[in-house]
Amino acid sequence: MRSKRIRMRVMDVSAEFGAMGTYMRRALALARKAWADTYPNPMVGAVLVNNEGVIVGEGWHERAGGPHAEINALRKAGEKARGASMYVTLEPCCTYGRTPPCTKAIIETGVSRVIVGATDPNPAHAGKGFDVLREAGIEVISGVMEEDCEDLNLIFNHWMGKGTALFAAKIATTLDGRIAARSGDSKWITGEAARENVHIWRRYFPAIAVGAGTVLKDDPSLSVRLHGREEECPRRFVFDRTLRSVISPLPKLYSDKFRKNTSVVTCTGSSPKARALLEEQGVGLVELPAGDGFLPAFREYCVEQGIQGVLVEGGRGLLSSMLRAKMLDYLFCYRAPILLADSEAYAAFEGAAPQKIADSIRLRKVRHELFGDDVLTRGWI
């Protein structure tokens, strides 16, 4: 009889955690409705559930400066919030900012339990929202689908935790790790579904960077082109120490309708004529010291400018330089089911030369997604 009761309790606990996952997945789906629209704030979703397991209110943070997800969910629920459980992807704020603290509203509306995915990444706030709620007699459960909730806000979490911009590399490779044939041809390694996903991530990042070689070879636009949306353009950076990419006719980055979103990262003493031409076009110039301090100085520049994330779509030269300088924090690798089987084809990275597999660079918190026949592997470097 005792073993039967134990089994029943285990089943009850299992069912409860299963339900928690269901409601937290809904909260995550709500948060993603504001993909890239809340920058520099995090994306957050919230769901209110009554004692019968019925959703009585839900909401998400729609834009920076607007009501938080918890407030939107509470407004939808009205009086039904009293005694309900709130599922929220991120620890509720407990301090005044552009909006009042969410903990205050949660307490005042009579919510009985708060189930949270991720803890606030700001060291000054982490866990304090939990403390406020518990002191008010509200049950708090944290860490439900924590990794999924943290993954939702890569840039925000890195900025809050490290105080620097998240530098993420994007590459498209063959199965044998090549980004271009020996001729330089690389269009297209991956299919349409994978390339559309790249544009989704472009929209997420406030800035994109390439090297001069990529500008000269591919003449990219680096804009965001998604079905059903108007073309958008993040901040665009070109790393060109000598301004060799300023040619005639001018590349798209220096001449298209978004050219004022472009800045060229260069060194003291680069071509005065090229500088004048860029300035005439409204293209910005970021002058940094030459030598080994060039790339680290750009990271400092991003902090000064409040640029919290940069997606690096450069070729082998820029990517390898950033890797050696320990500038890359994250990697998006789209891998197509094709082989070049050519040692002279271009690899994405070079220069590390580990002598043992144990010394290789390994990703952590790895995620895999399938887009048609292509696989996206992404994770922290």
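Student: Which strands does helix H4 lie across, and how do you know its direction relative to S5?

Tutor: This is a predicted model, by the way. Helix H4 (residues 128-135) lies across S4 and S5, and runs at about 155 degrees to S5.

Student: What makes S2 and S5 edge strands?

Tutor: The sheet is open, with five strands in the order S2-S1-S3-S4-S5 and mixed pairing. Strand S2 (55-60) and strand S5 (139-142) each pair on one side only. From one strand to the next, the twist averages 15 degrees.

Student: Why are S3 and S4 called paired?

Tutor: Pairing takes at least two bridges, and S3 (residues 85-90) and S4 (residues 113-118) have five, so they count as a pair, in the parallel sense. Leu90 stands opposite Ala118 in S4.

Student: Where does helix H2 sit?

Tutor: H2 (residues 69-77) lies across S1 (45-49), S2 and S3, at about 145 degrees to S2.

Student: Which residues have the most contacts inside the largest nonpolar core?

Tutor: Leu48, Val114, Trp201, Phe205 and Phe332, in a core of 73 residues. Helix H1 (residues 2-32) gives the largest share, seven residues.

Student: And what does Phe205 touch, leaving aside its neighbours within four places in sequence?

Tutor: Its contacts include Ile155, Pro234, Val310 and Phe332. Ile155 is one of the buried residues of helix H6 (residues 154-162), and H6 is followed by Gly163, with a positive phi near 75 degrees.

Technical notes: Residues numbered from 1 in each chain as written. Predicted model: local features only at pLDDT ≥ 70, side-chain atom pairs only at ≥ 80, totals over all residues. Heavy atoms only, no water. Helix = DSSP H or I, 4+ residues; strand = E, 2+ residues; numbered from the N terminus. Axes fitted to C-alpha atoms, helices over the stretch in contact; angles between N-to-C directions. Contact = heavy atoms within 4.5 Å. Buried < 20%, exposed > 50% of the residue type's maximum accessible area, 1.4 Å probe, protein only. Core = buried A, V, L, I, M, F, W, Y, C linked by side-chain atoms within 4.5 Å.
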